[in-house]
Amino acid sequence: MPTYNKYHQTSLSLYGLSKQTFPHAQYEVILVDDASSDNTPNIVKEADVPFKFKYIRMKKNKGRSFVRNIGINHAEGDLLIFLDGEMLAPPAFIENHYKHHVHESNLVVTGAMHYEGVYTFIMPDYNKDQMAHLKELVNNDAEYRRLYENYEQTKQHSNVPCPLVTKEDIDTNRFQRLSFPNRYFLNSGLKHFGERLEGFTLPYIAFLSGNVSVRKANLKKSGLFDETFIGYGAEDWELGYRLYKNGVQFVLDPSTVAYHQEHGISKRKVKEQWGNHYRFVNKHPHIDVLILSLEWKELPFMHMHKTLVEYNQLEERFPGEYNEFKHAFRVMLFRIIEYLNNGQPVTKLYDLPGGSEERMKIIQQFETLRPRGFDYLASSFEQIYYL
(Lines give C-alpha, C1' and ligand atoms only; values in the text may rest on other atoms or scores of the structure.)
Protein backbone atom coordinates (compact mmCIF):
# COMPACT_ATOMS: atom_id res chain seq x y z
CA MET A 1 0.00 0.00 0.00
CA PRO A 2 1.53 3.32 -1.04
CA THR A 3 0.33 6.40 0.81
CA TYR A 4 0.98 10.12 0.77
CA ASN A 5 -0.66 12.59 3.18
CA LYS A 6 -3.77 10.47 3.72
CA TYR A 7 -3.31 9.66 7.40
CA HIS A 8 -7.00 9.60 8.31
CA GLN A 9 -8.10 7.33 5.45
CA THR A 10 -5.09 5.04 5.76
CA SER A 11 -5.87 4.44 9.44
CA LEU A 12 -9.35 3.20 8.50
CA SER A 13 -7.88 1.11 5.67
CA LEU A 14 -5.59 -0.71 8.08
CA TYR A 15 -8.55 -1.35 10.37
CA GLY A 16 -10.44 -2.92 7.45
CA LEU A 17 -7.47 -5.15 6.68
CA SER A 18 -7.37 -6.31 10.31
CA LYS A 19 -10.91 -7.71 9.90
CA GLN A 20 -10.11 -10.11 7.06
CA THR A 21 -11.48 -13.65 6.97
CA PHE A 22 -8.15 -14.81 5.53
CA PRO A 23 -5.85 -16.26 8.26
CA HIS A 24 -3.94 -13.33 9.75
CA ALA A 25 -0.71 -15.33 10.01
CA GLN A 26 -0.71 -15.88 6.25
CA TYR A 27 -0.60 -12.29 4.99
CA GLU A 28 1.47 -9.19 5.59
CA VAL A 29 0.69 -5.55 4.93
CA ILE A 30 3.46 -3.28 3.68
CA LEU A 31 2.67 0.42 3.94
CA VAL A 32 5.12 2.60 2.02
CA ASP A 33 4.86 6.24 3.09
CA ASP A 34 6.04 8.49 0.26
CA ALA A 35 7.44 11.19 2.60
CA SER A 36 4.08 12.33 4.00
CA SER A 37 4.08 15.61 5.90
CA ASP A 38 0.94 14.80 7.91
CA ASN A 39 0.51 12.39 10.85
CA THR A 40 1.07 9.23 8.80
CA PRO A 41 4.24 8.21 10.74
CA ASN A 42 2.07 7.95 13.89
CA ILE A 43 0.28 4.99 12.32
CA VAL A 44 3.15 2.75 13.46
CA LYS A 45 2.40 3.52 17.11
CA GLU A 46 -1.38 3.53 16.70
CA ALA A 47 -1.92 0.45 14.54
CA ASP A 48 -3.21 -2.50 16.55
CA VAL A 49 -3.24 -5.15 13.84
CA PRO A 50 -3.23 -8.97 13.88
CA PHE A 51 -1.13 -9.37 10.73
CA LYS A 52 2.55 -8.82 10.05
CA PHE A 53 2.92 -5.10 9.40
CA LYS A 54 5.82 -3.32 7.74
CA TYR A 55 5.97 0.47 7.63
CA ILE A 56 8.55 1.97 5.26
CA ARG A 57 9.01 5.73 5.14
CA MET A 58 10.71 7.50 2.23
CA LYS A 59 12.92 10.47 3.06
CA LYS A 60 11.94 12.18 -0.21
CA ASN A 61 8.78 11.93 -2.28
CA LYS A 62 9.60 9.42 -5.04
CA GLY A 63 6.25 8.78 -6.75
CA ARG A 64 3.87 5.87 -7.20
CA SER A 65 6.03 3.57 -9.30
CA PHE A 66 9.07 3.87 -7.05
CA VAL A 67 7.23 3.21 -3.79
CA ARG A 68 5.28 0.28 -5.21
CA ASN A 69 8.57 -1.27 -6.30
CA ILE A 70 9.87 -0.76 -2.75
CA GLY A 71 6.86 -2.71 -1.52
CA ILE A 72 7.42 -5.50 -4.05
CA ASN A 73 11.04 -5.86 -3.03
CA HIS A 74 10.14 -6.06 0.69
CA ALA A 75 7.29 -8.53 0.20
CA GLU A 76 7.85 -12.03 1.55
CA GLY A 77 4.82 -13.61 -0.12
CA ASP A 78 4.47 -15.15 -3.57
CA LEU A 79 1.17 -13.40 -4.27
CA LEU A 80 1.00 -9.60 -4.23
CA ILE A 81 -2.11 -7.46 -3.87
CA PHE A 82 -1.65 -3.80 -4.75
CA LEU A 83 -4.05 -1.63 -2.77
CA ASP A 84 -4.02 2.14 -2.51
CA GLY A 85 -3.61 3.52 1.00
CA GLU A 86 -7.14 4.95 1.07
CA MET A 87 -8.90 1.72 0.00
CA LEU A 88 -11.30 0.17 2.51
CA ALA A 89 -11.26 -3.62 2.06
CA PRO A 90 -14.32 -5.73 3.02
CA PRO A 91 -13.69 -8.82 5.21
CA ALA A 92 -13.46 -11.36 2.35
CA PHE A 93 -11.25 -9.11 0.19
CA ILE A 94 -7.95 -11.02 0.52
CA GLU A 95 -9.69 -14.40 0.47
CA ASN A 96 -11.50 -13.55 -2.77
CA HIS A 97 -8.30 -12.41 -4.47
CA TYR A 98 -6.39 -15.44 -3.23
CA LYS A 99 -8.88 -18.08 -4.40
CA HIS A 100 -8.24 -17.24 -8.05
CA HIS A 101 -4.50 -17.77 -7.75
CA VAL A 102 -4.63 -21.13 -5.93
CA HIS A 103 -4.99 -23.25 -9.06
CA GLU A 104 -3.65 -20.85 -11.70
CA SER A 105 -0.26 -19.17 -11.73
CA ASN A 106 -0.67 -16.78 -14.65
CA LEU A 107 -3.39 -14.35 -13.56
CA VAL A 108 -4.07 -10.70 -12.90
CA VAL A 109 -7.21 -10.30 -10.76
CA THR A 110 -8.84 -6.89 -10.39
CA GLY A 111 -11.76 -5.51 -8.44
CA ALA A 112 -11.07 -1.98 -9.63
CA MET A 113 -13.46 -2.21 -12.59
CA HIS A 114 -16.32 -2.58 -10.09
CA TYR A 115 -15.29 0.67 -8.38
CA GLU A 116 -17.07 1.68 -5.20
CA GLY A 117 -16.46 5.10 -3.69
CA VAL A 118 -17.25 6.11 -0.10
CA TYR A 119 -17.11 9.36 1.85
CA THR A 120 -15.56 8.46 5.22
CA PHE A 121 -14.54 12.04 6.07
CA ILE A 122 -15.59 15.52 4.99
CA MET A 123 -12.32 16.74 3.52
CA PRO A 124 -11.56 20.49 3.38
CA ASP A 125 -10.34 20.20 -0.23
CA TYR A 126 -13.45 18.56 -1.69
CA ASN A 127 -14.66 20.38 -4.79
CA LYS A 128 -18.25 21.59 -5.26
CA ASP A 129 -19.36 18.42 -7.05
CA GLN A 130 -18.02 16.22 -4.27
CA MET A 131 -19.72 18.31 -1.59
CA ALA A 132 -23.02 18.22 -3.50
CA HIS A 133 -22.72 14.43 -3.92
CA LEU A 134 -21.97 13.95 -0.21
CA LYS A 135 -24.88 16.18 0.78
CA GLU A 136 -27.14 13.88 -1.22
CA LEU A 137 -25.73 10.68 0.32
CA VAL A 138 -25.96 11.76 3.97
CA ASN A 139 -29.73 11.72 3.59
CA ASN A 140 -29.48 7.90 3.69
CA ASP A 141 -28.66 8.00 7.42
CA ALA A 142 -29.89 10.32 10.18
CA GLU A 143 -26.60 10.29 12.12
CA TYR A 144 -24.51 11.02 9.04
CA ARG A 145 -26.91 13.83 8.16
CA ARG A 146 -26.52 15.27 11.68
CA LEU A 147 -22.71 15.17 11.42
CA TYR A 148 -22.86 16.83 8.01
CA GLU A 149 -25.20 19.58 9.20
CA ASN A 150 -22.96 20.17 12.18
CA TYR A 151 -20.00 20.55 9.82
CA GLU A 152 -21.96 22.97 7.64
CA GLN A 153 -22.49 25.24 10.63
CA THR A 154 -18.83 25.26 11.67
CA LYS A 155 -16.91 24.69 8.43
CA GLN A 156 -15.65 28.26 8.21
CA HIS A 157 -13.51 27.45 11.26
CA SER A 158 -12.24 24.09 10.02
CA ASN A 159 -9.42 23.11 7.69
CA VAL A 160 -9.05 19.55 8.98
CA PRO A 161 -10.97 16.41 7.96
CA CYS A 162 -14.30 15.94 9.73
CA PRO A 163 -14.93 12.24 10.58
CA LEU A 164 -18.12 10.61 9.35
CA VAL A 165 -17.38 6.87 9.41
CA THR A 166 -16.17 5.13 12.57
CA LYS A 167 -14.54 1.73 13.04
CA GLU A 168 -17.86 0.49 14.39
CA ASP A 169 -19.50 1.59 11.12
CA ILE A 170 -17.01 -0.60 9.28
CA ASP A 171 -17.85 -3.55 11.56
CA THR A 172 -21.57 -3.15 10.87
CA ASN A 173 -21.25 -2.13 7.18
CA ARG A 174 -23.14 1.06 7.98
CA PHE A 175 -20.49 2.99 6.04
CA GLN A 176 -22.03 1.60 2.85
CA ARG A 177 -24.80 4.19 3.19
CA LEU A 178 -22.19 6.74 2.13
CA SER A 179 -20.92 4.62 -0.77
CA PHE A 180 -21.66 4.78 -4.47
CA PRO A 181 -20.74 2.81 -7.60
CA ASN A 182 -18.72 4.21 -10.50
CA ARG A 183 -18.75 1.72 -13.37
CA TYR A 184 -16.81 3.86 -15.83
CA PHE A 185 -14.86 0.99 -17.38
CA LEU A 186 -17.70 -1.54 -17.33
CA ASN A 187 -20.14 0.96 -18.79
CA SER A 188 -17.63 1.75 -21.53
CA GLY A 189 -18.13 -1.74 -22.92
CA LEU A 190 -16.08 -4.16 -20.82
CA LYS A 191 -19.08 -5.85 -19.20
CA HIS A 192 -19.90 -7.45 -22.57
CA PHE A 193 -16.74 -9.58 -22.44
CA GLY A 194 -17.38 -11.41 -19.17
CA GLU A 195 -15.18 -12.06 -16.16
CA ARG A 196 -12.16 -13.11 -18.26
CA LEU A 197 -12.47 -10.41 -20.92
CA GLU A 198 -12.68 -13.07 -23.63
CA GLY A 199 -11.92 -11.53 -27.01
CA PHE A 200 -11.23 -8.05 -25.64
CA THR A 201 -8.22 -6.52 -27.40
CA LEU A 202 -7.19 -4.16 -24.57
CA PRO A 203 -7.27 -6.36 -21.44
CA TYR A 204 -4.24 -4.61 -19.92
CA ILE A 205 -6.40 -1.62 -18.95
CA ALA A 206 -7.75 -3.89 -16.18
CA PHE A 207 -4.39 -3.59 -14.42
CA LEU A 208 -5.37 -0.74 -12.12
CA SER A 209 -2.97 -0.67 -9.20
CA GLY A 210 -5.49 0.70 -6.70
CA ASN A 211 -6.83 -2.85 -6.37
CA VAL A 212 -5.17 -5.67 -8.29
CA SER A 213 -3.35 -8.93 -7.56
CA VAL A 214 -0.60 -10.82 -9.41
CA ARG A 215 2.06 -13.37 -8.54
CA LYS A 216 5.51 -11.98 -7.87
CA ALA A 217 6.96 -14.43 -10.43
CA ASN A 218 4.93 -12.74 -13.19
CA LEU A 219 6.35 -9.35 -12.18
CA LYS A 220 9.89 -10.71 -12.15
CA LYS A 221 9.31 -11.99 -15.70
CA SER A 222 7.67 -8.84 -17.07
CA GLY A 223 9.55 -6.26 -14.99
CA LEU A 224 8.40 -4.04 -12.14
CA PHE A 225 6.78 -0.59 -12.37
CA ASP A 226 8.66 1.81 -14.64
CA GLU A 227 10.05 4.48 -12.31
CA THR A 228 10.33 7.09 -15.07
CA PHE A 229 6.55 7.49 -14.68
CA ILE A 230 6.19 10.32 -12.18
CA GLY A 231 2.89 11.48 -10.70
CA TYR A 232 -0.56 10.26 -11.66
CA GLY A 233 -1.58 7.86 -14.40
CA ALA A 234 -0.60 5.16 -16.93
CA GLU A 235 2.18 3.54 -14.89
CA ASP A 236 -0.16 0.66 -14.05
CA TRP A 237 -1.44 0.28 -17.62
CA GLU A 238 2.13 0.20 -18.88
CA LEU A 239 3.00 -2.66 -16.52
CA GLY A 240 -0.30 -4.34 -17.38
CA TYR A 241 0.64 -4.13 -21.06
CA ARG A 242 3.93 -5.94 -20.43
CA LEU A 243 2.10 -8.62 -18.43
CA TYR A 244 -0.44 -8.96 -21.25
CA LYS A 245 2.32 -9.38 -23.84
CA ASN A 246 3.76 -12.14 -21.64
CA GLY A 247 0.50 -14.04 -21.80
CA VAL A 248 -1.03 -13.27 -18.40
CA GLN A 249 -4.81 -13.83 -18.17
CA PHE A 250 -6.89 -10.94 -16.79
CA VAL A 251 -9.84 -11.62 -14.48
CA LEU A 252 -12.52 -9.16 -13.33
CA ASP A 253 -14.16 -10.21 -10.08
CA PRO A 254 -16.73 -7.99 -8.31
CA SER A 255 -16.14 -9.92 -5.05
CA THR A 256 -12.63 -8.41 -4.90
CA VAL A 257 -13.96 -4.85 -4.85
CA ALA A 258 -12.70 -2.39 -2.23
CA TYR A 259 -14.13 1.02 -1.31
CA HIS A 260 -12.14 4.07 -2.36
CA GLN A 261 -12.29 6.69 0.38
CA GLU A 262 -12.87 9.89 -1.57
CA HIS A 263 -10.42 12.76 -1.23
CA GLY A 264 -9.72 16.07 -2.92
CA ILE A 265 -8.60 15.96 -6.55
CA SER A 266 -5.22 17.50 -7.32
CA LYS A 267 -5.19 20.19 -10.02
CA ARG A 268 -1.94 18.67 -11.31
CA LYS A 269 -3.65 15.36 -12.00
CA VAL A 270 -4.66 15.98 -15.63
CA LYS A 271 -1.25 17.33 -16.65
CA GLU A 272 0.51 14.41 -14.96
CA GLN A 273 -1.85 11.98 -16.65
CA TRP A 274 -1.09 13.21 -20.17
CA GLY A 275 2.63 13.32 -19.39
CA ASN A 276 2.63 9.68 -18.32
CA HIS A 277 0.41 8.66 -21.23
CA TYR A 278 2.99 10.27 -23.51
CA ARG A 279 5.70 8.14 -21.85
CA PHE A 280 3.51 5.09 -22.42
CA VAL A 281 3.04 5.64 -26.17
CA ASN A 282 6.70 6.57 -26.57
CA LYS A 283 7.76 3.33 -24.93
CA HIS A 284 5.20 1.17 -26.76
CA PRO A 285 4.24 2.94 -30.02
CA HIS A 286 2.07 0.01 -31.09
CA ILE A 287 -1.47 0.23 -32.40
CA ASP A 288 -2.93 -1.59 -29.35
CA VAL A 289 -1.51 1.18 -27.13
CA LEU A 290 -1.95 4.12 -29.51
CA ILE A 291 -5.66 3.31 -29.82
CA LEU A 292 -6.21 4.52 -26.23
CA SER A 293 -5.69 8.07 -27.54
CA LEU A 294 -9.30 7.89 -28.71
CA GLU A 295 -10.34 8.20 -25.06
CA TRP A 296 -9.58 11.91 -25.49
CA LYS A 297 -12.51 12.01 -27.92
CA GLU A 298 -14.63 10.41 -25.17
CA LEU A 299 -15.15 7.30 -27.27
CA PRO A 300 -16.09 4.23 -25.17
CA PHE A 301 -13.68 1.32 -24.81
CA MET A 302 -16.02 -0.85 -26.89
CA HIS A 303 -15.53 1.59 -29.79
CA MET A 304 -11.74 1.46 -29.33
CA HIS A 305 -11.86 -2.34 -29.21
CA LYS A 306 -13.90 -2.60 -32.41
CA THR A 307 -11.65 -0.06 -34.13
CA LEU A 308 -8.61 -2.14 -33.21
CA VAL A 309 -10.29 -5.37 -34.35
CA GLU A 310 -11.01 -3.77 -37.73
CA TYR A 311 -7.49 -2.33 -38.01
CA ASN A 312 -6.06 -5.82 -37.46
CA GLN A 313 -8.51 -7.27 -39.99
CA LEU A 314 -7.41 -4.63 -42.50
CA GLU A 315 -3.80 -5.77 -42.01
CA GLU A 316 -4.78 -9.42 -42.52
CA ARG A 317 -7.15 -9.03 -45.47
CA PHE A 318 -5.23 -6.41 -47.41
CA PRO A 319 -1.52 -6.89 -46.74
CA GLY A 320 0.58 -4.27 -48.48
CA GLU A 321 -2.44 -2.03 -49.08
CA TYR A 322 -3.76 0.99 -47.19
CA ASN A 323 -0.19 1.95 -46.23
CA GLU A 324 -0.74 5.71 -46.37
CA PHE A 325 -4.00 5.45 -44.43
CA LYS A 326 -2.51 3.24 -41.69
CA HIS A 327 0.56 5.45 -41.33
CA ALA A 328 -1.58 8.58 -41.02
CA PHE A 329 -3.87 6.92 -38.46
CA ARG A 330 -0.99 5.81 -36.22
CA VAL A 331 0.74 9.20 -36.47
CA MET A 332 -2.46 11.06 -35.52
CA LEU A 333 -3.10 8.82 -32.53
CA PHE A 334 0.43 9.49 -31.30
CA ARG A 335 0.15 13.24 -31.89
CA ILE A 336 -3.04 13.52 -29.85
CA ILE A 337 -1.07 12.54 -26.73
CA GLU A 338 2.00 14.50 -27.81
CA TYR A 339 -0.02 17.70 -28.24
CA LEU A 340 -1.89 17.21 -24.96
CA ASN A 341 1.42 16.66 -23.18
CA ASN A 342 2.81 19.85 -24.71
CA GLY A 343 -0.31 21.84 -23.86
CA GLN A 344 -0.98 22.70 -27.51
CA PRO A 345 -4.34 22.57 -29.35
CA VAL A 346 -5.24 19.13 -30.69
CA THR A 347 -5.91 20.10 -34.28
CA LYS A 348 -4.43 19.54 -37.74
CA LEU A 349 -2.96 16.22 -36.67
CA TYR A 350 -1.96 15.24 -40.21
CA ASP A 351 -1.92 18.46 -42.17
CA LEU A 352 -1.08 17.98 -45.84
CA PRO A 353 -1.46 20.36 -48.79
CA GLY A 354 -4.83 19.99 -50.48
CA GLY A 355 -3.58 18.55 -53.74
CA SER A 356 -0.67 16.46 -52.46
CA GLU A 357 -0.37 12.90 -53.72
CA GLU A 358 -0.25 11.44 -50.18
CA ARG A 359 -3.41 13.31 -49.15
CA MET A 360 -5.25 12.06 -52.21
CA LYS A 361 -4.18 8.46 -51.52
CA ILE A 362 -5.32 8.71 -47.90
CA ILE A 363 -8.74 10.01 -48.93
CA GLN A 364 -9.11 7.34 -51.64
CA GLN A 365 -8.20 4.57 -49.20
CA PHE A 366 -10.46 5.99 -46.49
CA GLU A 367 -13.43 6.10 -48.86
CA THR A 368 -13.24 2.33 -49.46
CA LEU A 369 -13.39 1.43 -45.77
CA ARG A 370 -17.14 1.57 -45.13
CA PRO A 371 -18.10 -0.29 -48.34
CA ARG A 372 -15.74 -3.07 -47.14
CA GLY A 373 -17.30 -3.20 -43.67
CA PHE A 374 -14.70 -1.24 -41.65
CA ASP A 375 -17.24 1.11 -40.07
CA TYR A 376 -15.61 1.65 -36.67
CA LEU A 377 -12.17 2.21 -38.18
CA ALA A 378 -13.61 4.72 -40.63
CA SER A 379 -15.50 6.51 -37.86
CA SER A 380 -12.44 6.75 -35.59
CA PHE A 381 -10.24 8.02 -38.42
CA GLU A 382 -12.83 10.58 -39.46
CA GLN A 383 -13.12 12.00 -35.95
CA ILE A 384 -9.43 12.84 -35.69
CA TYR A 385 -8.45 13.51 -39.31
CA TYR A 386 -10.80 16.45 -39.70
CA LEU A 387 -10.00 18.19 -36.40
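1. In the lining of the second largest pocket, strand E4 provides the largest share, namely five residues; here helices (H or I, at least four residues) and strands (E, at least two) are DSSP runs, numbered from the N terminus. Strand E2 (28–33), helix H3 (64–74), strand E4 (79–83) and helix H4 (93–101) each contribute at least two residues to this lining. A pocket, on a 1 Å grid over the protein atoms alone, is an open set of points where a 1.4 Å probe fits, with protein on both sides within 12 Å along at least five of seven lines, and lining residues have an atom within 4 Å of a point.

2. The model is predicted, so that local features need pLDDT of at least 70 and side-chain atom pairs count only at pLDDT 80 or more, whereas totals for chains, interfaces and linings use all residues. Residues are numbered from 1 along each chain as its sequence is written, and side-chain values use heavy atoms, with hydrogens and water left out.

3. The second largest pocket holds about 660 Å³ of space, the volume being that filled by probe spheres set on the grid points, which are joined across faces, edges and corners. Its lining consists of 26 residues, and Tyr-27, Glu-28, Leu-79, Leu-80 and Ile-81 are those nearest the centre.

4. The Ser-65 side chain reaches the backbone oxygen of Asp-226 at 3.1 Å. Not counting residues up to four places away in sequence, Ser-65 touches Phe-225, Asp-226, Glu-227, Phe-229 and Glu-235, contact meaning heavy atoms within 4.5 Å.

5. Arg-64, likewise found in helix H3, counts as partly exposed because its relative accessibility is 32%. Leaving aside neighbours within four places in sequence, Arg-64 is in contact with Gly-231, Tyr-232 and Glu-235. The C-alpha atoms of Arg-64 and Tyr-98 are separated by 24 Å, the two residues being 34 apart along the chain.

6. In helix H15 (residues 357–367), the buried residues are Ile-362, Gln-365 and Phe-366. They lie on the same side of H15 because they cover an arc of only 100° around the axis, the arc being that of the directions from the helix axis to the C-beta atoms. These buried residues pack against helix H14 (323–342) and helix H16 (375–385), while the face turned away from the buried side carries the exposed residues Glu-357 and Glu-367.

7. Two backbone angles deserve a check. Asn-5, in the loop between strand E1 (2–3) and helix H1 (7–17), has a phi near 55°, a positive value in a residue other than glycine, and at 30% relative accessibility Asn-5 counts as partly exposed. Leu-197, in the loop between helix H8 (184–187) and strand E11 (211–215), also has a positive phi, near 50°, but at 4% relative accessibility Leu-197 counts as buried. Most residues other than glycine have a negative phi.

8. Gly-264 is placed in the loop between strand E13 (259–261) and helix H11 (269–283), and its 13% relative accessibility makes it count as buried. Leaving aside neighbours within four places in sequence, Gly-264 is in contact with Asp-125, Tyr-126 and Gln-130.

Terms used
Buried means under 20% relative accessible area, exposed over 50%, partly exposed in between (1.4 Å probe, protein chains only). A polar contact is a pair of N or O atoms within 3.5 Å; within protein, one must be able to donate a hydrogen and the other to accept it, and residues adjacent in sequence count only if both atoms are side-chain atoms.
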